[in-house]
Amino acid sequence: MLTGTLQMMGYEFFFTFAEERLSLIPKEGEKDEIRHSWFYTKLGTGIFSWPGKPKFVEENFLYGRTNETNRVITFLTNKHTQLQENNGIITVPILAYFFSYSDRPRISRISFSGLELNYIHPINRTFEISYKPEEHDGKINISTYDFDSTTTEEQKFNVFGKEVQVYFGVTRTTSLSIEKPPLALSSSMVFHFEETQDYSFVRELYRIAKEFIQFLCNRRNVNFTDIRLSNNQGKVGEFNVIEESIEIEMKPLKDGRYIQQKYIAGYEGKILDDIAENNLYLRHLGKSFRDSRIIDAASFVLRTSAFEWEFSRLFSEDEWKSEQRKKLEEEASKELEHLIENSTGKLKKIYKDLKKSVVSYLSLSQKIGQIFEEYGASLLDLFGQSIYKLNNISYDHSEIAERIGKQRNNFAHGNLDKEFINESLLDVVFLEQIVLAMQLQYFGIDEIETQKIINEVFHHNLAL
């Protein structure tokens, strides 16, 4: 538990912070004043009713100083979040916090480290070991490569109109302590930006960084073990986000089920731009690798939703329509518009509904068929033929597309009377791989690199 004092909404409070719960205790002489003005409704002189109108946080950041360390602690709150009060103690919901050595420090750099990053930007490629086993003298020489050799080229992306540079590097930590290894290496992803005191911006960078690693690992339960804030003068503090604990999974990392940085080199900025704008579909990712192996109605529909979103980003549906079809749709719309203008009541509404249905859109099955036509032979068939052969199911583009479309509609429209299409289970497993391939193609990553990524992330173990 940490204790200290902080200012909020014009009052000074004594605070306790334990297990990510921030509690504020007003000064004795101000307790009744705050309680009555914030949480009660005044009915008359000295008469109050409880509960009053909800009281909300009015500030995005709360600044305090801890008694235990005498360091400044900054709490990030969600402005307009409701305060809770019980026996004079006020509970404030917080999103994140960090410690610093000064009040309201300026920040220009945030560095993320974690287990997944050690694999994505492999630390075992940053050093060399030399020894002579035949001499049996016990001498082993470990030499790390220089910083330039282990740091990637900076890429750029934008957040809230501000430019951010990103690069990957390796931190070297040496120690003469008995309790610690003499040399520790850890990979990190670094965001560099113009100095700011907008800590909401810093928290948004955390959101973008985490979703980026989730995309690279194809699952949501990724974790940062260390998030460091700094500026031109050096380290500012450690950033901590309030969120539920996650299950750490080693198996997908040991199996190589992640996208290595070398495959997306030069495209990091474009991917991060997409994440910053909430344009990259990630809702279909499993909570964990284990969870992603379970297919239910919800995950089935989410994977098809991911496919449709990524399809709309790759192609305009008008590209697939003939000129004759476009012309006929335009003529029909004009005729219906004339009927709408000369009708009233329910008939007019029917004509309006008909006009909406005139413009035909590709069905899910047709879209899947178009993706096979575009990328089947050059990119997807290698993997499709392999997994369908392993399961003794015919690999046929049109049949796959039709089954996925039918089963998705049965789930989406609640058709409980329709029997589950067994083969569609394998189809939607393959669809997850198709979605990732589409995302990589959208970013401009070439087909050879895309095949390497699919081969590793989905553990095909094919010789490419």
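What follows is a talk about spaces and helix contacts in this structure.

Modeller: Keep in mind that this is a predicted model.

Colleague: Let us begin with the open spaces. How much space lies in the largest pocket?

Modeller: A pocket is an open set of points with protein on both sides. Here the largest pocket holds about 460 Å³ of space.

Colleague: Which residues lie nearest the centre of the largest pocket?

Modeller: The lining has 21 residues, and those nearest the centre are Arg-257, Arg-293, Val-429, Gln-433 and Phe-458. By class, the lining of this pocket divides into nine nonpolar, seven polar and five charged residues.

Colleague: Which helices each supply at least two residues of that lining?

Modeller: They are helix 7 (289-292), helix 11 (364-390) and helix 13 (423-443). Helix 13 gives the largest share, four residues.

Colleague: What lines the largest cavity?

Modeller: Its lining consists of Phe-215, Asn-218, Leu-282, His-284, Leu-285, Glu-432, Val-435, Leu-436 and Gln-439. Five of these are nonpolar, three polar and one charged. Helix 13 supplies the largest share of this lining, four residues.

Colleague: Next, the helix pairs. At what angle do the axes of helix 8 and helix 12 cross?

Modeller: The axes of helix 8 (residues 297-314) and helix 12 (residues 397-412) come within 10 Å and cross at roughly 120 degrees. Angles from 65 to 115 degrees count as roughly perpendicular and those over 145 as roughly antiparallel, so helix 8 and helix 12 are oblique to each other. The crossing is left-handed.

Colleague: Which residues make the contact?

Modeller: Helix 8 brings Ala-297, Phe-300, Val-301, Thr-304 and Glu-308, while helix 12 brings Ile-404, Gln-407, Arg-408 and Phe-411. By class, the residues of this contact are five nonpolar, two polar and two charged.

Colleague: And how do helix 11 and helix 14 cross?

Modeller: The axes of helix 11 and helix 14 (residues 447-457) come within 10 Å and cross at roughly 20 degrees. Angles under 35 degrees count as roughly parallel, so that is the word for helix 11 and helix 14. Helix 11 passes helix 14 in a right-handed crossing. Residues in the contact include Tyr-375 and Leu-379 of helix 11 and Thr-450 and Ile-454 of helix 14.

Technical notes:
Residues numbered from 1 in each chain as written. Predicted model: local features only at pLDDT ≥ 70, side-chain atom pairs only at ≥ 80, totals over all residues. Heavy atoms only, no water. 1 Å grid on protein atoms, 1.4 Å probe; cavity = no way out; pocket = protein on both sides within 12 Å on 5 of 7 lines; lining within 4 Å. Points joined across faces, edges and corners; volume = space filled by probe spheres on them. Nonpolar A, V, L, I, M, F, W, Y, C, P; charged D, E, K, R; others polar. Axes fitted to C-alpha atoms, helices over the stretch in contact; angles between N-to-C directions. Left-handed = near helix turned anticlockwise from the far one by under 90°. Contact = heavy atoms within 4.5 Å.
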